[in-house]
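Open the model in your viewer and keep the sequence panel beside it. We start with the whole chain, then move to a single residue.

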Amino acid sequence: MYKIDIEEKTLHFKQPAGTSRGVYTTRHSYYLTLSNEEEKPGVKGIGECATLPDLSCDTMSSDAEYEKTLRAFCQMFEQMGSIPYEMMRPYPSMLFGLESALAQYQTGGSSALFDTPFGRGEEGITINGLVWMGTFEEMYARLEEKLKQGFHCVKLKIGAIDFEKELDLVKHIREAFTKEQIELRVDANGGFTPEYAMARLEALAKYDIHSIEQPIKQHQWPKMAELCRNSPLPIALDEELIGVNMKGMKEALLDTIRPAYIILKPSLHGGMFGSKEWIDLAKERGIGSWITSALESNVGLNAIAHFCAKTYGPAITMPQGLGTGQLFTDNIEMPLEIKGDKLWYNTK
C-alpha cells in the first residue's frame, strides 16, 4: 500500500529575488515523501510542490486550500497506485512533486531519477548564468561575477530599471565581448507595452541577442503573433504558457503565435508530463525549446535536471536554465554541483 507524507517548509533567499511579480524573500514549499513498505521496504521518493504567488496557475487563496487539494491528489494516488494525469493538468506544481517522488521511488530511492549520462555523472548540462534585475551597477557587477565563474551564456532580466540604461548595459557587454564569446539572452517578463515593443526589439537586435523572453504580457495572442512575425529578434514564450494545460489549447497557442522558442518550467507548465507534451508539440512545428527551474529548492532542481537530461540528452547543446540551487540559506542537500557553466550530478 502506497503512503504519502506531506511536510511544509519555508526556505529563505540569500538575497531578495526580484521578478516581474515583485520581490520574493521566502519560498513556501510542500515536500511529499512516498513509500510502500510492502513492495519496497525502506525505499522513499521525495518531491517538491511549490507555487509562485501571482504567477502559478494553481496558486490558491490560502495555504490551507492548497494543502487540502494536494492531500486529495495524494490520497487518490495511494488508492490507485498511479498518477491521475488528466485530472491534474490544472495543478502543475502538485503534479511535478508527485511525479518527482514516484520517479525517485521507482529508482529504489536514488536521487538519480533516470538512467542518463548526466545521472551516471558522466556528462554535465550546460546552463546559462542568470543576472537578476537591479540597478545598472548591480547588474554589471553580477554579470562580471558570472563571467568569472566561466559562463558563456548569460541571461539578463530586464524591465526593472529604465530601458535606456538596460540597453546601455547590453551595449557595454557587446563592446567587451563578441556573440561567440558570450551568448546573451534577455527576459522582459512581459514588461514592454505592445505599442513600444517593436521599437525596443529593434534597439536590442543591434547587439546580437540570442532571444528575448516574453516581451509583452501574456494573453495577447494576436499582438504576440504579430511581434513574432516581424521581430528582428527570436522571441521565446514563458509566462504565455502558464495555465494553458489542455493539449488542444497548447496546439492552438503554438499555431497562432508561432514563437521561435518556448521555455518550460515543470512546476509552472504541467509537470514533467505537460512539459514533455509542450516540447513534442513545439518540435513538430519547428519551434525550439529549453528547460528552466523556477526558484525551487535543490529537490525540485534535481528532478528538473534529470528530466532535462532524459528529454534532450545525451549531449545537450543548448544552455538550459538550471542554476537556481544556490539561492537559499537553508537549502536541502543534493549531489548537484556547478563547475564552470555546467551542472553536474555527483555520483561519488
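How many Å apart are the mean positions of the positive and negative charges of the chain? Select the charged residues of this predicted model. There are 37 positive and 48 negative charges, and their mean positions are 3 Å apart.

**Whole chain**

Switch to cartoon. You have 10 helices and 13 strands to step through. The radius of gyration is 20 Å, close to the 20 Å that the globule rule gives for 348 residues, so the chain is as compact as a globular protein of that length. Turn to the C-alpha trace: along its principal axes, the trace spans about 65 × 45 × 35 Å.

Next, show the surface. Of the 348 residues, 57% count as buried. Now consider contacts between residues at least 6 apart in sequence: 70% of them join residues at least 24 apart.

**One residue**

Select Gly 119. Look for this glycine in the loop between α3 (92–106) and β4 (125–126). Is Gly 119 buried or exposed? Its relative accessibility is 9%, so Gly 119 counts as buried; the cut-off for buried is under 20%.

Leaving aside neighbours within four places in sequence, select Ala 112, Phe 114, His 306, Tyr 345 and Thr 347.

Last stop: Trp 344. This tryptophan lies 225 residues from Gly 119 along the chain, yet their C-alpha atoms are separated by 8.7 Å. Draw that distance in the viewer to finish the tour.

Methods: Residues are numbered from 1 along each chain as its sequence is written. This is a predicted model: local features need pLDDT of at least 70, side-chain atom pairs count only at pLDDT 80 or more; totals for chains, interfaces and linings use all residues. Side-chain values use heavy atoms; hydrogens and water are left out. Helices (H or I, at least four residues) and strands (E, at least two) are DSSP runs, numbered from the N terminus. The radius of gyration is taken over C-alpha atoms; the globule rule is 2.2 Å times the number of residues to the power 0.38. Buried means under 20% relative accessible area, exposed over 50%, partly exposed in between (1.4 Å probe, protein chains only). Contact means heavy atoms within 4.5 Å. Lys and Arg count as positive and Asp and Glu as negative; His and the chain ends are not counted. The place of a charge is taken as NZ of Lys, CZ of Arg, CG of Asp or CD of Glu.
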